[in-house]
Amino acid sequence: MTAVTEFLPTGIELVYLVAASLFIIGLKQLGSPATARNGNLLGSIAMFLAVAVTLLDQQVLNYELILVGVIIGSLIGAIAAKQVAMTAMPQMVGLFNGLGGAASALVAIAEFWRRMSHNQPLPIDANLSVILSVFIGGITLTGSLVAFAKLQGLLTGAPIKFPLQQPINILLLAGFIGISAYLLFDPMNVPFFLGMVGISAVLGILFVIPIGGGDMPVVISLLNSLSGLAASAAGFVVMNNVLIISGALVGASGLILTQIMCKAMNRTLTNVLFGGFGTAEGGSGSASGTGGAEAKTVHSIDSEEGAMMLGYSKSVVIVPGYGMAVAQAQHVVRELADLLEKQGVEVRYAIHPVAGRMPGHMNVLLAEANVPYDRLYDMDDINPQFEQTDVALVIGANDVVNPAARSNQESPIFGMPILEVDRAKHAIIIKRSLSTGFAGVDNDLFYKDKTMMLFGSAKDMVNQLVSSVKEL
């Protein structure tokens, strides 16, 4: 009987199993806007259960100090969730990724220090877990901080490159590997350990600065994956099963999402990370465009003309982009759609996978404005419907609607899947100017005969459209 009970799971292990199951179910539900909130709730419950039983299971020396940390962290999280604008959500996600990496690295550092203070050298397997956690966590922390700075405008969105950048990266990586190998045989060497921590932090900075701001959806999803891998490595350090499982789930899902983002841009991950592609968002441009576009002309309209085109249409497809996010125009866009629907116009929204600055950025903004989920269409679903669309209203999008990606083999974005707005009967494009997008490529859509340009801030122009539609 005793031999049998040794293999029966304890109460702690059963709760861990429930938490892991909730993580998996919640992750599945995050795949759809309609179930995402419920999936987030399930994930939160799973994490609460995991943390609670871990505190009961482990020999905690100071519950009071942990309680203080929980209260402070909860207050910061709650205030941030309430105060941070939805348009700044990419920056917030970037910071969360960095904090996840920092937490994992600190767990590994604390375990190293505990062992050293008790003169208990780490065994090779535990030492290897510490090294991986420090490496991945350090890169995630500083890389996420750089991503935040680029998104916030504290650093230029253009790729930052300098001479011998890649050789320096290779030398630093080789140095890290060498130090790690030495620590496997001399795990109590503090200077070498601190050197390893420092190299990880520097590599994170050098990893992200050469990536352009337009590639931030890929970077954020990759850093999210790295934060999960760092947590999983930390789980091996402290021998916590649920931390290993949850970290692995985040790591795997982040890698899948990264691959989806790369596919949406028709680029490889190595090209995103090392290609130094693109320019700062909103580069200079004019009616003449670039690359021999001097003879091209544009057709400009005012809000009254735009309102007439929209109000007397049978079907309208709204294409939101980063310009809508910057102008915080999602609520007035919803108001315009409601007005059009009251007049019998069918209104849908076309969502490109990499529109904005993080995966699902447009979905998040439109959800904040309470746009019904059944009005949101993925690129593959909406593209066949553009030919039957009377007016495509593009709000602040650029590269993701550029027909050169489909027709011009010389274009840097050739082969990139786009929203085929040029196939609609008419297009209205709200944009401040004819400036190029992240790719630095002139947009052929601007110069087509059936394209009408409505120049100005997205929020101001949509407000004017709303006022004009009300007068029809």
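Which residues does UniProt list for "transmembrane region"? The unreviewed entry gives 7-27, 39-56, 63-81, 93-114, 126-148, 168-185, 192-213 and 233-257. The structure here is a predicted model. Its largest nonpolar core has 70 residues, and the structure holds 10 salt bridges.

**Annotated spans**

- Residues 39-56, listed by UniProt under "transmembrane region", are 100% helix and 0% strand in the model. The end C-alpha atoms of this span lie 26 Å apart.
- Residues 233-257 are also on the UniProt list. This span is 92% helix and 0% strand. Its end C-alpha atoms lie 21 Å apart.

**Nonpolar cores**

- Six residues touch the most other members of the 70-residue core: Met196, Val319, Phe386, Val401, Leu419 and Val421.
- Met196 touches Ile131, Val134, Phe176, Ile179, Ser180 and Leu183, leaving aside residues up to four places away in sequence.
- There is also a second, separate core of 39 residues. Among its members are Ile301, Ala307, Val333 and Val469.

**A nonpolar surface patch**

- Ile66, Leu67, Val70, Ile71, Leu75 and Ile79 form a nonpolar patch on the surface. Together they have about 540 Å² of accessible area.
- Leu67, one of the patch residues, is found in helix α4, which covers residues 63-83.
- Is Leu67 buried or exposed? Leu67 counts as exposed because its relative accessibility is 51%, and the cut-off for exposed is over 50%.
- UniProt lists residues 63-81 under "transmembrane region".

**Salt bridges**

- Side chains of opposite charge can pair when their charged atoms come close.
- Glu111 and Arg114 are joined by a side-chain salt bridge, at 2.9 Å from N to O. Both residues lie in helix α5, residues 89-117. They are 3 residues apart, about one turn of the helix.
- Glu111 is buried, at 12% relative accessible area. Arg114 is partly exposed, at 38% relative accessibility.
- Glu346 and Arg348 meet through their side chains in a salt bridge of 3.9 Å, N to O. Glu346 is partly exposed, with 42% relative accessibility. Arg348 counts as buried because its relative accessibility is 6%, and buried means under 20%.
- Asp374 and Arg375 form a salt bridge between their side chains, at 3.1 Å from N to O. Asp374 is exposed, at 53% relative accessible area. Arg375 is partly exposed, at 26%.
- Salt bridges that share partners also build a network, which joins Glu111, Arg114 and Arg115.

- Where does Gln165 lie? Gln165 is in helix α7, which covers residues 165-185.
- Gln165 is buried, with a relative accessible area of 3%.
- Gln165 touches Ile160, Leu206, Ile209 and Pro210, with residues up to four places away in sequence not counted.

How values were computed:
Residues are numbered from 1 along each chain as its sequence is written. This is a predicted model: local features need pLDDT of at least 70, side-chain atom pairs count only at pLDDT 80 or more; totals for chains, interfaces and linings use all residues. Side-chain values use heavy atoms; hydrogens and water are left out. A nonpolar core is a set of buried Ala, Val, Leu, Ile, Met, Phe, Trp, Tyr and Cys residues joined through side-chain atoms within 4.5 Å. Buried means under 20% relative accessible area, exposed over 50%, partly exposed in between (1.4 Å probe, protein chains only). Contact means heavy atoms within 4.5 Å. UniProt positions are given in the numbering used here, feature names are shortened, and annotations may be inferred rather than shown by experiment. Helices (H or I, at least four residues) and strands (E, at least two) are DSSP runs, numbered from the N terminus. Patches are made of residues with over 30% relative accessible area and no salt bridge: like charges are joined within 9 Å, nonpolar side chains (Val, Leu, Ile, Met, Phe, Trp, Tyr) within 5 Å. Accessible areas come from the Shrake-Rupley method with a 1.4 Å probe; for residues, only the protein chains shown count as cover. A salt bridge is a side-chain nitrogen of Lys or Arg within 4 Å of a carboxyl oxygen of Asp or Glu.
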